[in-house]
Amino acid sequence: MKGHVGVVRRLAEAKASLDVQADLGPTPIHQASVAGHVDVVRVLAEAKASLDVQTDRGATPLHLASMNGHVDVVRRLAEAKASLDVQTGSGYTAAHLASSTGYAAVVQLLAEGKASLDVQNGHGVAPIHSASKRGHVEVIRLLAKHNADLHIISRDGRNPACSAALTGH
């Protein structure tokens, strides 16, 4: 699926509002990002849609693309200068979400873009904890390669190795 690029382009050219949120819900760029419609994201970014607008739960378009493994959308948002370290209401960054879902290519892009890989969420969990808990070996390798803290302790006193051992990885 490509989304309706032509329709979005015409609406942007006609100066339609691109950042409208009903009850702090998703904007058009959120919708395109979660669906992986990179061409629509490109058109919206070029039309100056807000890249870092958050939903009621604090999700940005980058969060949604990262947790769904949409590498091309993540790349486009990063190129358009979306903030890589915005935290959701629960403290998750795009790196947390990509790490917990095992999307190594997204983690690689975020690391290359200089995203912080050691941000801890509200429970003190860093991306390395999330990857370790779920057994995402390639993500762990990438985080280590990009100097993530392999000894970081979560609020419940666990380091990444403890998180892996607890869940049988």
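**Ground rules.** I'm working with a predicted model, so I keep in mind that local features need pLDDT of at least 70, side-chain atom pairs count only at pLDDT 80 or more, and totals for chains, interfaces and linings use all residues. Residues are numbered from 1 along each chain as its sequence is written, and side-chain values use heavy atoms, with hydrogens and water left out.

**Entry 1: H8 itself.** After H8 I noted Gly135, with a positive phi near 75°.

**Entry 2: H8 against H9.** I checked the axes (lines fitted to C-alpha atoms over the stretch in contact, with angles from 0 to 180 degrees between N-to-C directions). They come within 8 Å and cross at roughly 155°. H8 and H9 are therefore roughly antiparallel (angles over 145 degrees). Pro127, Ile128, Ala131 and Ser132 of H8 meet Val139, Ile140 and Leu143 of H9; contact means heavy atoms within 4.5 Å.

**Entry 3: Ser132.** Which helix holds Ser132? I found Ser132 in H8, and it is buried, at 5% relative accessible area. Leaving aside neighbours within four places in sequence, I listed its contacts as Ile140, Pro160, Ser163, Ala164, Thr167 and His169.

Definitions and conventions: Helix = DSSP H or I, 4+ residues; strand = E, 2+ residues; numbered from the N terminus. Parallel < 35°, antiparallel > 145°, perpendicular 65-115°, else oblique. Buried < 20%, exposed > 50% of the residue type's maximum accessible area, 1.4 Å probe, protein only.
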